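This report is for a reader who is new to the structure below.

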Amino acid sequence: MDFSWLVGLALLSIGSALTFYDIIPTSYESLIPLALFVLGYPVAIETFYYLTTPYTLAESRPGWKDGKILVEPTIRVHIYPHAPKPPRALAHTHLRTNIADLKTIICYDPATGRHLASIPAPTPADVAEAYARVKRAQEKWAKTTFEERRRVLRSLLDFIVENQEDISRVAVRDSGKTMIDATLGEIITTCAKLRWTIDNGEQALADDYRAPGLLMMYKNAKVVYQPLGVVAALVSWNYPFHNTFGPLISAIFAGNGILIKCSEYVAWSTSYWSAIMRTCLAVHGHDPELVQFINGFADVGEAIVTSGVNHITFIGSPEVGKKVQLNAADHLVPCLLELGGKDCAIVLKDADLGQVTSVLMRGVFQNCGQNCIGIERIIMENEIYDGFVKDVEARIKELRLGSVLDDEEGVDCGAMTMGTQNDKLETLITDAVSKGARLLVGGKRYSHPRHPSGQYFSPTLLVDVTPEMNIARHEVFAPIMVLMRAKDAEDALRIANTCPYGLCSSVFSGNSRLAEQLCLRLKTGMANVNDFGVNYLCQSLPFGGVGISGYGRFAGAEGLRGLCVPKAVTIDKISFIKTSIPPPVDYPIKKAAKGYGFVKELVRFAYAPQIMEKVKGGLGLAKASL
């Protein structure tokens, strides 16, 4: 076994200690610690890779087939009281009862139904213990410098870039997506967040000096962004790697510790994510307990909300988000709620259809439509509508479903991570057709010939949808392209704004100025001109919505500052100039009328808009002070 990394780590530790604790005499202190640090750092950083490599999961390798195929797989172990023991093949189905054992999470590959692991579900008591550990670690972490935090994030970024294929495969196996979708949605987004935070995070959290105003002109006024303490993130399953690391990156850079509840639908990958982050912290000499990854069902989420955390980031549905908000309100815990979207793409007749068609295909079918900012409504002017329908109909019919880790080539779209939504999707489509919509492609669940236990929904094209149809108002989170006709730009805007969701949006037009004007009139938190979803790769921008898409923002300076206490501080500009109480208002007040006259003239002097009024106020102050 190669122990060179230990030598490097020792050199790094000695160099750091000598630097921080001034052990070396003055004449050498600038040379010896620096030399040891330079020698030790490159070798010690290999510790991260050395220690993390063994955590690569065998199940994520292409062609892995050791797990049993589950029939009608579900994440819960179901119990069969008052009934004969079911066949072994049906041990994890929900066909015969609704009684579930919440002590175990069944992990399986959604693309094949192959069993990955059975994981004990944490309890509320486990949450309390995890909170205590992260709280102790955060007290030390809060004292670190921004440079120390950057070193951790740089190591994390290096690891992700070097191991992106392994990370993507783990996400693919746990969520059923393709490698392309994983790289786009898991890797690139996380790297973009890391890069922005490393380069700009300190500036965003630097002391923010503000104008003190006329009366306080002898003061310095500033906002100091201090860590909240322990924060929590309850995140969705559609991007298991990015959804956990996104909140984590911002939380720890702001000086916080974090409890992360990963969705029970992607519980299998959590141990791998945890190993990466804990090792990265340990390599740099920090307590790995700073970050706690927790799986579990609803009771675990409720326990986290009430555990003592100082902030909650929730990514999920409006229904569950309201419950989180309600529980948090009892403890006055602030929340950031990202509750999904029904994002529209308005396409005007002068748009570049060659560009638009490919962008919208990706916007709808990326990750099988399981995207918070996926395109769920395409609103198009009549003049180009029919031609676009013909083009995308041919394209959608050619989309191929499958398991990219088992089928290799010939897969465009993966599986549905949650296999419980097909009835809802089919009902929404049937309802739309009954009200006049036309179903041109798909519209139903797909039984894969090679993976009968896989969870698939056919790529779908539904046209002539109108705003009153349920499918135009409810998030589908599925590979369903919905087209709606518009008479003109104003009509398209009207249609777009009838939806209660308001996360992101797009406007496509050859007239960029018109497109931008429409973007500003859309009732959404984000908008893109001639593009889809790219605002999220601009990590300098805040991310969040309006309406039932939630409130609060992550990403950008707003996201980092939202995980801090914005403490207002005033300091004397000049040490010998301090606030003194004028005699007319000093307690005990000698003459109330004179005291009132003084403050009245003070208001006139400080805030009267006319110069002469200010002069009169100044004279009045002088008179009242006599």
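By class, the second largest pocket is lined by 20 nonpolar, 15 polar and 4 charged residues. The structure is a predicted model, and the space in this pocket comes to about 740 Å³. Its lining has 39 residues, and those nearest the centre are Thr 189, His 242, Ile 373, Tyr 536 and Phe 543. Two or more lining residues come from each of helix 7 (179–205), strand 6 (230–234), helix 8 (240–253), strand 9 and strand 10 (335–338). Why does the second largest pocket lie between domain 1 and domain 2? Domain 1 (121–340 + 559–567) and domain 2 (343–401 + 414–500 + 504–539) both give residues to its lining, so the pocket lies between them.

The largest pocket holds about 1,200 Å³ of space. It is lined by 43 residues, of which Trp 237, Phe 314, Gly 316, Ser 317 and Val 320 are the closest to its centre. Helix 10 (298–305), strand 9 (312–315) and helix 11 (318–329) are the elements that give two or more residues to this lining. Helix 11 gives the most, with 7 residues. The classes in the lining of the largest pocket are 22 nonpolar, 12 polar and 9 charged residues. Because domain 1 and domain 2 both give residues to the lining of the largest pocket, this pocket lies between them.

The whole structure has 4 cavities of 30 Å³ or more. The largest cavity has a volume of about 70 Å³. Of its 14 lining residues, Arg 377, Ala 496, Tyr 501, Gly 502 and Thr 524 are the closest to the centre. Strand 11 (343–347) and strand 18 (501–502) each supply at least two residues of that lining.

The second largest cavity has a volume of about 40 Å³. Its lining residues are Asp 109, Ala 111, Val 172, Arg 173, Gly 176, Lys 177, Gly 402, Ser 403, Val 404 and Leu 405. At least two of the lining residues come from helix 6 (164–175), and at least two from helix 14 (404–407).

The table sets out the spaces with their volumes and lining classes.

| Space | Volume | Lining by class |
|---|---|---|
| Largest pocket | about 1,200 Å³ | 22 nonpolar, 12 polar, 9 charged residues |
| Second largest pocket | about 740 Å³ | 20 nonpolar, 15 polar, 4 charged residues |
| Largest cavity | about 70 Å³ | 6 nonpolar, 4 polar, 4 charged residues |
| Second largest cavity | about 40 Å³ | 4 nonpolar, 3 polar, 3 charged residues |

Side chains of opposite charge can pair when their charged atoms come close. How many salt bridges does a search of the whole structure find? The search finds 36 salt bridges.

Last comes the confidence of the model. The chain has a mean pLDDT of 90, with 87% of its residues at 70 or more. Over residues 16–30 the pLDDT stays under 50, and the model has 13 contacts beyond four places in sequence for this stretch. The pLDDT is also below 50 over residues 48–54, a stretch with 19 contacts in the model beyond near neighbours in sequence.

Notes: Residues are numbered from 1 along each chain as its sequence is written. This is a predicted model: local features need pLDDT of at least 70, side-chain atom pairs count only at pLDDT 80 or more; totals for chains, interfaces and linings use all residues. Side-chain values use heavy atoms; hydrogens and water are left out. pLDDT is the predictor's confidence in each residue, from 0 to 100. Contact means heavy atoms within 4.5 Å. On a 1 Å grid over the protein atoms alone, a cavity is a set of points where a 1.4 Å probe fits but cannot get out, and a pocket is an open set with protein on both sides within 12 Å along at least five of seven lines; lining residues have an atom within 4 Å of a point. Grid points are joined across faces, edges and corners, and a volume is the space filled by probe spheres set on the points. Helices (H or I, at least four residues) and strands (E, at least two) are DSSP runs, numbered from the N terminus. Ala, Val, Leu, Ile, Met, Phe, Trp, Tyr, Cys and Pro count as nonpolar, Asp, Glu, Lys and Arg as charged, and the others, Gly among them, as polar. Domain bounds come from an automatic or database domain assignment. A salt bridge is a side-chain nitrogen of Lys or Arg within 4 Å of a carboxyl oxygen of Asp or Glu.
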